[in-house]
Amino acid sequence: MTPLFCSVGVFAYNEEKNIAKLLDALLNQKLQKVEITEIIVVSSACTDSTDDIVKSYCKSYPTVKLIQEKQRNGKSASINRFIKESCNEFLVIESADTIPAPNTIELLVSAFLDPKVGMTGGRPKPENSKCTFIGYAVNLLWSLHHKMALISPKLGEMIAFRKVFKSIPAESAVDEASIEAQIREQDLEIKYIPNATIHNKGPEVLSDFVLQRRRIEAGHIWLKDNQSYKVSSQSSTILAKLALSELINHPGDIHRFTGVVLLEIYCRILGRYDYYIKRKNPFIWDIADSTKDLKHK
């Protein structure tokens with residue numbers, strides 16, 4: 001059988017702590033039905049050693065390519081550059097602060113053997129300890145994300161899709177959701193693949209957590225206003241059902257759970273304030289530094 005050829009796009013801004021581990025993970029994927037013909041790193045105005053590390057991989061591995069951007073234009077703009085430069089029908093995009101499990105790309109891309117599937121995504125698993133409140137909050141939100149995706153696919157961190165459009169809005173701060181909207185416009189299916197694991201790291205300090213969550217809220221409001229698309233995480237009905245289920249299954253965590261709910265409400269209020277009052281669309285966002293040192297091997 002002819003393999004499904006895919007291009008992988010990695011999007012980096014000062015990722016010297018993780019970029020080598022990520023490239024190693026991509027180069028060592030276990031593939032049968034899929035072949036990675038190119039790994040394109042789009043580096044946006046990096047000021048650390050990210051570019052030098054990637055260049056060393058370019059010398060040793062012909063599939064690794066580097067695109068250097070002189071200024072930061074936002075991740076969505078970088079994704080558009082990747083779409084334009086890629087040479088395959090099937091594309092994978094991944095943030096440079098994550099690491100895929102060895103079979104993740106095989107699982108994500110092989111799903112396109114079904115012609116009705118237009119986009120796939122795996123399950124992010126944070127390495128944050130649940131012992132701290134913020135670590136618990138990060139793990140809780142990604143656990144709820146997983147359960148929500150089982151009901152109505154909500155994809156993030158690492159996705160694959162068919163190249164059936166030329167670009168997404170460069171002003172989008174929620175790139176995966178913008179791609180979802182484009183795929184659904186083509187009457188193609190979105191598929192969540194829970195055993196396709198992506199290791200990531202959420203914020204470790206409160207300020208970074210708030211920074212990240214308010215940006216996502218503002219991005220989702222922008223998406224609704226500009227692409228007429230609403231992600232499942234904006235559904236209060238689904239959220240209420242998942243919250244009730246979480247409380248029933250883990251009654252001992254009620255105090256921490258309530259704290260996370262109140263914090264999330266606060267972040268969403270801030271996101272709405274940013275969007276409606278400050279008229280801010282954070283598609284070029286401030287970096288949450290505590291998410292950048294992924295220890296996973």
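Predicted model: local features only at pLDDT ≥ 70, side-chain atom pairs only at ≥ 80, totals over all residues.

Biologist: In what sense do E1 and E2 pair, and over how many bridges?

Modeller: In the parallel sense, over nine bridges. E1 also runs parallel to E4, and six bridges join those two. Phe11, for example, has Ser95 in E4 as its bridge partner.

Biologist: What is the strand order in the sheet?

Modeller: E3-E2-E1-E4-E7-E6-E8-E5. That makes eight strands in an open sheet, with mixed pairing.

Biologist: Which are the edge strands?

Modeller: Strand E3, residues 64-69, and strand E5, residues 99-100. Each of them pairs on one side only.

Biologist: Which strands does H2 lie across?

Modeller: E1, E2 and E3. H2 runs at about 150° to E3. Helix H5, residues 133-151, lies across strand E6 (117-126) and E8. Its angle to E8 is about 155°.

Biologist: Now packing. Is E1 mostly covered or mostly open?

Modeller: Mostly covered: eight of its nine residues are buried. Helix H3, residues 75-85, is mostly covered as well, with eight of its eleven residues buried.

Biologist: Which residues of H3 are buried?

Modeller: Lys75, Ser76, Ala77, Ser78, Ile79, Asn80, Phe82 and Ile83. They pack against E1, E2, E3, E4, E7 and helix H6, residues 175-185.

Biologist: How many residues are in the largest nonpolar core?

Modeller: It has 31. Those with the most contacts inside it are Cys6, Val8, Val10, Ile19, Ile39, Ile105 and Val109. Several elements each supply at least two residues, including helix H1 (19-27), strand E2 (34-44), helix H4 (104-110) and strand E7 (158-162). E1 gives the most, with five residues.

Biologist: What is Val109 in contact with, beyond its neighbours in sequence?

Modeller: Leaving aside residues within four places, Val109 is in contact with Leu4, Cys6, Val34, Phe90, Val92 and Ala160. There is also a second, separate core of 21 residues. Among its members are Leu155, Phe161, Ile183 and Ile190.

Biologist: Let's look at Ala111. Where does that one lie?

Modeller: In the loop between H4 and E6. Ala111 has 10% relative accessibility, so it counts as buried; the cut-off for that is under 20%.

Biologist: What does Ala111 touch?

Modeller: Val117, Thr120, Lys191 and Ile193, not counting residues up to four places away in sequence. Ala111 and Ala160 are 49 residues apart in sequence, but their C-alpha atoms are 9.5 Å apart in space.

Biologist: You mentioned Lys191. Which strand is it in?

Modeller: Lys191 lies in strand E8. At 40% relative accessibility, Lys191 counts as partly exposed. Besides Ala111, its contacts outside four places in sequence are Val117, Met119, Thr120, Gly121 and Leu155. Lys191 and Phe161 are 30 residues apart in sequence and 10 Å apart in space, C-alpha to C-alpha.

Biologist: Last topic, the overall shape. What is the radius of gyration?

Modeller: 18 Å. A compact globule of 297 residues would be near 19 Å, so the value agrees. The C-alpha trace spans about 50 × 40 × 40 Å along its principal axes.

Biologist: What share of the residues counts as buried?

Modeller: 55% of the 297. The accessible surface comes to about 13,600 Å², and 53% of that belongs to carbon and sulfur atoms. Among contacts between residues at least 6 apart in sequence, 83% join residues at least 24 apart.

Conventions:
Residues numbered from 1 in each chain as written. Heavy atoms only, no water. Core = buried A, V, L, I, M, F, W, Y, C linked by side-chain atoms within 4.5 Å. Buried < 20%, exposed > 50% of the residue type's maximum accessible area, 1.4 Å probe, protein only. Helix = DSSP H or I, 4+ residues; strand = E, 2+ residues; numbered from the N terminus. Contact = heavy atoms within 4.5 Å. Pairing = 2+ DSSP bridges. Axes fitted to C-alpha atoms, helices over the stretch in contact; angles between N-to-C directions. Rg over C-alpha atoms; globule rule 2.2 N^0.38 Å. Areas by Shrake-Rupley, 256 points an atom, 1.4 Å probe, with all protein chains shown as cover.
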